[in-house]
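Please keep the model open while reading.

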Amino acid sequence: MKLYCLSGHPTLPCNVLKFKSTTIMLDCGLDTTSVLNFLPLPLVHSPRLSKLPGWVSKDGTINLEKELKECAGRVFVDSQPEFCLPERELLDLSNIDVILISNYHCMMALPYITEHTGFTGTVYATEPTLQIGRLLMEEVVNFMERVPKAQSATCWKNKEIQRMLPGPLKDAVDVWTWKRCYSMQEVNSALSKVQLVGYSQKVELFGAVQISPLSSGYSLGSSNWIIQSHHEKVSYVSGSSLLTTHPQPMDQSSLKNSDVLILTGLTQMPTANPDGMLGEFCSNLAMTIRAGGNVLVPCYSSGVIYDLLECLYQFIESANLGTTPFYFISPVANSSLEFSQIFAEWLCHNKQSKVYLPEPPFPHAELIQTNKLKHYPSIHGDFSSEFRQPCVVFTGHPSLRFGDVVHFMELWGKSGLNTIIFTEPDFSYLDALAPYQPLAMKCVYCPIDTRLNFHQVSKLLKEVQPLHVVCPEQYTQPPLTQSHRSDLMLELQPPPMPYRRCSVLNLPFRRRYERVYIMPELANSLVPSEIKPGISVATVSAVVHSKDNKHTLQSVPKPPPVAPSKKRKRVMDEPPVVLAPKPLLSGAVPLEAFLATLQKHGITEVKVEETADGHILHLQAEDTLIQLEEDGTHIVCDNNEPLRTTLRDLVLRFLQKL
């Protein structure tokens, strides 16, 4: 069993598991942090961005003024933002049989895998994962396509030139493999390969293994996966949460008795408490509105935004924000808010029960009805005529490199009354803000990440007790910024097996058993004989028939009867003779009793030598050796057949025949 790691980002995993003749891809996350190296894509012409100076190396040898721009001491690529793809050279991706998706954030690289590698397999995901994943992909495609860039920067990717660039461009991974965003046509083609599954549904893969999704408690429809054969079990735990939020709670008991547990997608903010961050979010928002400023919340169009809106619903009246307009701007805003209300069976019990009242499970439905929350596909059209300040705007993209958020940064960045509140943990807020410096607006960092932290995961692993744990290298050591915090890492016995991008692990268990079925008529013909009290054994002669990874023992076919013929029979026409199988021997030859038997038969000069595996008996007068070992007995006797036969019969007296 082998595990190939194709992504270096532990929260956006992409691994391939080779198990029992199947090749299974576990998630295909897209590392979008690469976009932080690019300049933002403004919706309208930005004089500030267009006047940024080009970058030239200090010695003047490298001139990339057209491709790289300097802003506040940092260098950015002036081109369409590009994504860091999963590694595609480590193994032939056309051989992948299935792709298992654990949540909608971990499927953003799907079109790159399914459309450009010769992939012909099936993708398995739950319905909310498919539908919300489609929305997130559609949103990114829309953001990119509506602001096309005329030129494309490629020279800076040259390995020789990249080495000379200032950081962080200099340290970026595999830049020559970075790719622009896919098209909507590729998205639709990729998602047409998805087959929907429900929690605990069992799906057979070629008769070799069975896969089954379990609720992971992190987002709508998010799953952990069980991959098992008759005798082995692998659990894949990715992006899980034990907190009581809107999704169904995590199914922990089904993870028990795993031979290997592959763990990834832990919280990116182990020191930040999500409840505390929500409180801070609300108080900072209220403070800014009361002072007459606007609040900008860069966010994804699904996920944490549902919890933010629910929190604000309870907070608005108590903070006297009843008249403040809340705007949610995204090409998929309407669909996202509606989907969250219709996937009732994927919600926690508390929200499910509301559907039968009938009441909408999420309170943002009421915010929309009372006109406190308004949603728009973009800042053009209706929004521009209805927009009033001070207000709160939720919009994407959290990287601040594309989407409507870029416009609000340019619009509100010059005033100290306004505040930007970061809630998504995927991007460093300092890196996100870098191309907008100098910035007057206030910045608040309230990352809300509900995924498992190290304390929770240690407790979980103690309960489910897998034999081996495999995890990203980052989880086996404390963060670089807090090297003294040994509580911010996985400490297990035995230690977890770490992996990094492009590593190949041989997983530490061997398949020792295979299930074989026996046909009823063959079973009927077996005659068991007791070898120990309560233990019976029967020998069987059969033909093994294997199909679709299922093995069956069938009776040996009898040779067809030969029709009588007047012609003289040739030797070739004789049916093959099926010899009766030799009896199997079991038991051990006891040394003292065997020596006594030899003496009775007149063999007295015996020299006994002890070896690592048993004993060697040297019959000196007869010049013969007898090796008594745990799994065999050898008689070495030259040119004395009668003696060899006698000794063989004496040995057989102590063994049982089957």
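An open sheet of mixed pairing is built from 3 strands in the order β24-β28-β27. Strands, like helices, are DSSP runs numbered from the N terminus (E, at least two residues, for strands; H or I, at least four residues, for helices), and two strands pair if DSSP finds at least two bridges between them. β24 (516-518) and β27 (542-547) each have a single partner strand and stand at the edges, so one side of each is left without a neighbour in the sheet. On average, neighbouring strands of this sheet are turned by 30 degrees against each other, direction ignored; the axes are lines fitted to C-alpha atoms, and angles run from 0 to 180 degrees between N-to-C directions.

The model is predicted: local features need pLDDT of at least 70, side-chain atom pairs count only at pLDDT 80 or more, and totals for chains, interfaces and linings use all residues. Residues are numbered from 1 along each chain as its sequence is written, and side-chain values use heavy atoms, with hydrogens and water left out.

Within the sheet, β27 pairs with β28 (residues 550-555) in the antiparallel sense over 6 bridges. K547 stands opposite K550 of β28. Another antiparallel pair is formed by β5 (residues 63-71) and β6 (residues 74-77), joined by 4 bridges. Here K69 stands opposite F76 in β6. The hairpin of β5 and β6 has 2 residues between the strands, and A72 takes a positive phi near 50 degrees.

How is the chain divided into domains? The assignment gives domain 1 (2-267 + 451-506), domain 2 (274-445) and domain 3 (585-657); such bounds come from an automatic or database domain assignment. The centres of domain 1 and domain 3, taken over C-alpha atoms, are separated by 66 Å. An unreviewed UniProt entry lists residues 305-433 as "domain: Beta-Casp"; UniProt annotations may be inferred rather than shown by experiment, feature names are shortened, and positions are given in the numbering used here. Over residues 305-433 the chain is 41% helix and 12% strand, with the end C-alpha atoms 21 Å apart.

The spaces come next. On a 1 Å grid over the protein atoms alone, a cavity is a set of points where a 1.4 Å probe fits but cannot get out, whereas a pocket is an open set with protein on both sides within 12 Å along at least five of seven lines; lining residues have an atom within 4 Å of a point. Grid points are joined across faces, edges and corners, and a volume is the space filled by probe spheres set on the points.

There are 5 cavities of 30 Å³ or more. The largest cavity has a volume of about 240 Å³. It is lined by 23 residues, of which H105, Y218, G303, V304 and E424 are the closest to its centre. Domain 1 and domain 2 both give residues to this lining, so the largest cavity lies between them.

The second largest cavity holds about 170 Å³. Its lining has 14 residues, with T32, H105, M108, Y300 and H397 nearest its centre. At least three residues of this lining come from each of domain 1 and domain 2.

The largest pocket contains about 1700 Å³ of space. Of its 47 lining residues, G8, H9, P10, Q268 and Q474 are the closest to the centre. Domain 1 and domain 2 each supply at least three residues to the lining of the largest pocket.
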